[in-house]
Amino acid sequence: MRFSLLFSCFSLASCLLCSQEALISHYSSIPPIIDGKMDEAAWADATLYDHFTVMQTERQASRRTELRILHTDTAMVFGFKAFVPADRLADEATAQSMKPYGTDCVEIMLGPDGGADSYFHFIVNSVNSRYVASREQGGFVGTTAWRCDWHSAVQRHEQYWCAEIALPYSSLELSQTAAAYWSFNAVRESYNLDSAGHEVSSLARRGQTHSAADFARLQRPGLDLSPYLWHTSLSDLQQKVRDGQLQINGKGSIRNLSEQMHKIKAELSFFSEQGQRFLSTLNYEARPLEAFELLWPSLQLPESGRYQAAITLRESESNRILSRKHFDLDLNYVPMAITLVDPHYRQAIFATQKLEQINYQVDINLPEENIAGRKLHSGIRDPQSKNTVLGQTLNAQGHNNFSFKTADLPDGDWEVFAQLLDDQEANRNECTTRLRKLPYKKNEVWRDKDGHWRVDGERVFLLMCWGVGESSLLPEYNATFKQEGRYLNMFLNGKTGFGFGAAFWQRLKTEGASPETLELYRTRTKAAKDDPDLFGHYLVDEPDCTGHTRELFAGIAKVLEDEDPYHPIIISTGSGGIISYADCGEINGFHCYPNPVLGQPMSNFRKIVVLMDKARDFFATSPIKQSITYMHQGFNYGDCANRNTRIPSYEEFRNQNILSFVLGAVGLFHYNRTVEHYPELYLGLPHLVKEQKLIGEQAIIQPDAEVTALSSNAQLRLLSKANTDGSFWLLAASVSEEPLETEIFWPVWPDKEVHVLSEARQVRFKNSRLTESFRPFEVRVYTDSKLAAQAQLKTVSDINAIIEAEYARLAKPGNLAYQRFEGERLQVTASSNLYGTTRADNVLWHLTDGFTDGPVAKNTHSEGAMIYCDNTPDELPDWIELEFHEEVNIGKVLLYPVENSLLDYQLQVKKNGEYFTIADIKGADGEVLTHSFEPVRAKTLRLMITANRGKNSRLYEIEVYEK
């Protein structure tokens, strides 16, 4: 019922979105030559787009820009003609010496998933200097570490310059073809104007740039793009020396994202710094939606060093490139290597592990003739004196296994060593690695071999929170940041992640971690490490969005681990960093943040599936392991200056969190802000965490069932779990953007009635089969556990009803100005806005959201109520304007000032372009100011403030009634 209600509530916004005319590209069967000339016939047939609007205005750009768009069988091609007199265009030497966006340039922002969330950003200037980046969270953050294959060329003329830009489908990381439209923006930056030095214009709403919700729509090419749907990652490399060269064996994790079978040729390429290319290939037939591993034939590289690598997938028959992914690698040959098997985590033995045997493997990466007949001596010794505590000598082989009793090793910091001996037993090759046997410490934290976390030896489900105020103190959370020194269970050490200052982060980016910097991190770790309530150290948020390197934080993480082996390191990455920063922390509070678009329930959820699959595929085969604790977007990005967005609904919070379990997450990390403004949070969270704690403890951290549940539809993913009491849990999640019906088959329930969690219904498996229907990205939890009934969880329908009742209370009968979503009924503007640095009207709509009191938020991403506050202290007048979408009868206005800030003001309406005063108030006083008058019909109401108490005019809410 609630799902239908969401559709009806958003119907108007949805229709408005769909009514925007989409841009179209012209199909060219013959790809144009990328030379900057735009002289092929196809360009003349393509639609001309030239309505470039100056940023944050409705004004046409003073310099004309023309854009035409083509699509071929393999690429999108964009042709720009940027008009500028030759004497106003930077000369070639100047343009080449500056950043691409420092002189006249054109830009493309393209989001092939069609959402208002993530996109790719390309810049070309008049001398073909280029820039590329990947951006997410609506454009809010981005990274230049992303690389792809793209082609461009320019030609300079007397009155304009031309640019041709080709973006191959194989480089656009396509994940689905269901979207009828791609998110698109074209931007022109022009310099050295008569009236101003710099003008930015674009095709987006009001000339916006990095605001994906304002982008235009580009009709998806009318081609079958399913061959381009792939995910690839390089999950492991093995190195040996053969004939004096470095032998590389590469392993890749590949996923066919399409429902088609594809015969492919997979290439693994390495490029040296000198430009030499080394290639290994193999053929494979990929089944629909198949995830698989590829182990390429060995490559011989001349030496160790820095290499660029790429995985390329080609269509076997045509040799067409379907996907290419780039990597940067440092290859440093190690003739011998020690791999600890037990202990498996942090090369440390924890007391509560109760480990009986120390097991490790010594790999000798030498030619067989250099190993034959030699002895391998290995053991555990003191790293300072080199005195051996435990030792053993074997006949050397390529792979050698050693084992010692844990009880025979005292507590301490030890060194595992291996020596390859010659006939005289002189050391010819030696390698070492660290091993710590730790004395018991209360609440020591470690990860078991199944990937779950233990505190004092007991497995725990990670339900963490990074929130504000009371919302972070729900008893179900077991690890949180301290809130004014308060926490309920265990805390996260935020001192290792925050409080350094902007200058510090900039130095890290440019200079790396100096010894003084590393010592600072060590000191902050040391200050918290002995607290028995510490869970772990938080290291960094969104390093992939700030330009800080993986090597930087991997190095800092080693310092934290060295100082405190008892507590894990937590990071949070965005979409681009879920794999890139794998060795920078053991727990990743991964925030996918699918943008909740107005009028589109479960919008952008495909992104969750694609990225979580990508992570699971990678970590399944990689020697590096990282626990994904999925982080939801517990705030409205509209409060951070985005448009056409909203707070996620309760179902969206529930669905994405449970979906993440099915896709491989082992915990959750809530990120909740501005909780007091959204019933979905302040009413929904207490119910949500109760259900999540139950599922987490009774299903997620429990063993997988021996018999796996199956679905007749591959778009329904399943996770089957078994409890020691003989009960079972089955988590089901649709990964489809369309409704689906499927049959679930699970022999553990041959004829069994089971409970559907939070739905107040039972279903019966007959002959081990159950047929169910699922809405897009809907989740269900089935169980025969008695704990499900004992938990007394409210149903999703009941929780929705509670939230809807709260919205009804906020609306107040007859309040014409109330709006649940920004821009739903009216637009709010003001003379100035303290929170309008990114967008002039940012958060002003909260003057009409029904919240009329409470503590004031310090900023738009904290606790408390978001208010209107002018940005001109001690300067008057200030004004606020409400512009309704259609004329209304205004007969009564209620104002809710913050701390009685309003003193003298007028209420005005706008008629025929002029303002008329309908109420003139002097000496206003009170928490609620009510003004009634003869009703007047108008679209615009303005509050003109001429005197106030304090430095600023501040207001919670404006209500408007007919009478």
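## Where helix 6 meets helix 7

In this predicted model, L518, Y521, R522, T525 and K526 of helix 6 touch F553, I556, V559, L560, D562 and E563 of helix 7, where contact means heavy atoms within 4.5 Å. Sorted by class, this contact has 6 nonpolar, 1 polar and 4 charged residues (Ala, Val, Leu, Ile, Met, Phe, Trp, Tyr, Cys and Pro count as nonpolar, Asp, Glu, Lys and Arg as charged, and the others, Gly among them, as polar). Helices are DSSP runs of H or I with at least four residues, strands are E runs with at least two, and both are numbered from the N terminus.

## How the two helices cross

Two packed helices are described by the angle between their axes and the distance between the axes. Helix 6 (residues 515-528) and helix 7 (residues 550-563) pack at about 40°, with axes 9 Å apart. Helix 6 and helix 7 are therefore oblique to each other (under 35 degrees is roughly parallel, over 145 roughly antiparallel, 65 to 115 roughly perpendicular, and the rest oblique).

## The largest cavity

What is the volume of the largest cavity? It is about 110 Å³. Here a cavity is a set of points on a 1 Å grid, over the protein atoms alone, where a 1.4 Å probe fits but cannot get out, and lining residues have an atom within 4 Å of a point.

Its lining has 13 residues, with E173, W230, T232, S323 and K325 nearest the centre. Strand 21 gives the most to this lining, with 4 residues.

## About the model

Residues are numbered from 1 along each chain as its sequence is written, and side-chain values use heavy atoms, leaving out hydrogens and water. In this predicted model, local features need pLDDT of at least 70 and side-chain atom pairs count only at pLDDT 80 or more, while totals for chains, interfaces and linings use all residues.

Technical notes
Axes are lines fitted to C-alpha atoms, for helices over the stretch in contact, and angles run from 0 to 180 degrees between N-to-C directions. On a 1 Å grid over the protein atoms alone, a cavity is a set of points where a 1.4 Å probe fits but cannot get out, and a pocket is an open set with protein on both sides within 12 Å along at least five of seven lines; lining residues have an atom within 4 Å of a point. Grid points are joined across faces, edges and corners, and a volume is the space filled by probe spheres set on the points.
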